Amino acid sequence: MSEALNGFEPYQKEILKGLEGKILNHPDFVAPETYGQIFDAADLKAGDTVLDLGAGYIHVLEDHSYTHQLEDRGLILIPIDDTVERLESWMLHPYHQRRENETVVRPVTADVTDTPFKNESVAFALSINLINAPIEKSAEQILAEAHRVLKPTGQFLISSFGYDKMQKPDGTVVYNNGFTEDQFVTAEYVKRMAIEVGFAEVEELPLDQARIDAEFAAVQEIIERNGDHLLEIVHPFAVLLKK
Ligand SMILES: C[S@@+](CC[C@H](N)C(=O)[O-])C[C@H]1O[C@@H](n2cnc3c(N)ncnc32)[C@H](O)[C@@H]1O
């Protein structure tokens, strides 16, 4: 196995070099063990399809909290992003199974609100930290598409974190995604909208306070160099939706 992994190393180094200074890794506020419990309870079977809507590249490179929990279940993990260069990093993961029960990764370039998957064909979907990114699509469109592709027993884990409320040296208050307070999608809004698009059950998941504290300290340290001050990490949440 290590021989095969070594084959990816030069590529990985190149990608990490290209990303230097461009991205700040936000730790996932859902603890790895919470992901494990959720994937166990979802009763995922070998060969099942799992979608990661708005996959980006950060988790693959730096925070493996959910990919580690998926990797030995023999699944087909499909990271979806509309920006192809972000998906390059997912190619570090195996396209073909190299050991028993290894999850394989098949990135797809697509709009998360118009994916090339059949109705009721997907066992589980995740959308980590997409919903409050400054994107052109609405929360309702993302929820409706996830609902369409999920099997009748399917589940959708949707989360938001890494959005900060900061005070500038002149006293003005700004958000790092350029939103105003009333533009944020909250857990309450997701739960309400999920029921409207047809999900039967909604459940808010516990967040890991130690990870939130670590994020707060890391962001504070960085932005204080410019004289800014971190006031709050805004509306972090993770919600599990069941069809
Ligand atoms: C804030 S990043 C989150 C990335 C990753 N899930 C994480 O937690 O680090 C949002 C990602 O969604 C992608 N994205 C935005 N709008 C999209 C759309 N309509 N369809 C597909 N991907 C989209 C962006 O290119 C970006 O990689």
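Which residue follows α3 and has a positive phi? D43 does, with phi near 55 degrees. This is a predicted model, in which local features need pLDDT of at least 70, side-chain atom pairs count only at pLDDT 80 or more, and totals for chains, interfaces and linings use all residues. Residues are numbered from 1 along each chain as its sequence is written.

View 1. Helices (H or I, at least four residues) and strands (E, at least two) are DSSP runs, numbered from the N terminus. T34, Y35, I38 and F39 of α3 are buried (20 or more other C-beta atoms within 10 Å of a residue's own; exposed means 12 or fewer, partly exposed in between; C-beta atoms are placed from the backbone). These buried residues line one face of the helix, because they fall within an arc of 130 degrees seen down its axis (taken from the directions from the helix axis to the C-beta atoms). Turned away from that buried side are the exposed residues E33, D40 and A41.

**View 2. Into the largest nonpolar core.** Here 47 residues come together (buried Ala, Val, Leu, Ile, Met, Phe, Trp, Tyr and Cys joined through C-beta atoms within 7 Å). V50, L53, A125 and A146 have the most contacts inside the core. Strand β5 gives the largest share, six residues. Look for A146 touching L53, A125 and F156, leaving out residues up to four places away in sequence (contact means C-beta atoms, placed from the backbone, within 7 Å).

**View 3. E140 in helix α7 (residues 139–149).** E140 counts as partly exposed because it has 16 C-beta neighbours inside 10 Å. The C-alpha atoms of E140 and M193 are 6.4 Å apart, although 53 residues separate them along the chain.

Technical notes: Contact = placed C-beta atoms within 7 Å.
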